[in-house]
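Visitor: I would like a close look at one part of this protein. Could you walk me through how its charged side chains pair up?

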Amino acid sequence: MTQAQAPALLARGPWDAEQVRAVWLDETFIAEDAKVDAADAAIAALRDRGSPSHDGTAARLANYTTTDDGGLCMELQRTRWALRLVDGDASASMSALCVIRDSEGRWLAGRRAAWLASWAGRWALGAGGAVDEGESPFTTLTRELGEEWSVTAERVRGEALVRLPHNAIMFIGQAWLPAGAEVTPDHEHDAHAWWPSDVDDWPDEADEPLRLMARLLQ
């Protein structure tokens, strides 16, 4: 899998939970020395600015296929979490993003805290994070939804598998909350808001990548 220069749509849903399969390979991915050194430096820089982020084991996308019945199968490898921080090439590190909608179709946006490893101080949609060892990216969607916003969705579906410009892989899903549901942000967010259902009515802090993603999901 080579580094891309622009976001690339690898596979498009929608998928229900039973249509998404994750197969964890026995082989652990070991990056070349230069990337290992860059990952070490990135973790050290986080510690120097007081971030509680720490290294560990996470997932890397080794391969994927779409099935005859419209499903998605992903082959995952264990690798260092910190490889996602390497400038220019994240070694196909895997994350999941659960975009959250309320019963009126509005979009949940949160401003990420300044200490975070990625998108620090920026607005993002929904909940997201690394795929844990042994986990399916579809499971990551609902786990992050509960961890970051303390809420349970009425329904969830997988939407897309995307490769980002720095060769990080994102499994994107969408969750709809029941009427009257209230969200409680975790410490990774210092502000949150419900943006209008019509993307054209979003506030100025909604940058173009967020608008493009929302239009893809619509």
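Guide: Happy to! A salt bridge here is a side-chain nitrogen of Lys or Arg within 4 Å of a carboxyl oxygen of Asp or Glu. Side chains of opposite charge can pair when their charged atoms come close. Please keep in mind that this is a predicted model. By this rule, 14 salt bridges are counted.

Let us start with Arg111 and Asp190, which form a salt bridge whose closest N and O atoms lie 2.7 Å apart. This pair links distant parts of the chain, 79 residues apart: Arg111 belongs to strand E6 (residues 107–112), and Asp190 to strand E11 (residues 189–195). Arg111 has 31% relative accessibility, so it counts as partly exposed. Asp190 is also partly exposed, because its relative accessibility is 45%.

Now turn to Arg143. With Glu147, Arg143 forms a salt bridge in which the closest N and O atoms are 3.2 Å apart. Arg143 and Glu147 are four residues apart in helix H2 (residues 137–149), so about one helical turn separates them. Arg143 has a relative accessible area of 19% and is therefore buried, since buried means under 20%. Glu147, at 46% relative accessibility, counts as partly exposed. Salt bridges with shared partners join Asp132, Glu135, Arg143, Glu144 and Glu147 into one network.

Arg143 and Glu144 are both buried.

Terms used:
Residues numbered from 1 in each chain as written. Predicted model: local features only at pLDDT ≥ 70, side-chain atom pairs only at ≥ 80, totals over all residues. Heavy atoms only, no water. Helix = DSSP H or I, 4+ residues; strand = E, 2+ residues; numbered from the N terminus. Buried < 20%, exposed > 50% of the residue type's maximum accessible area, 1.4 Å probe, protein only.
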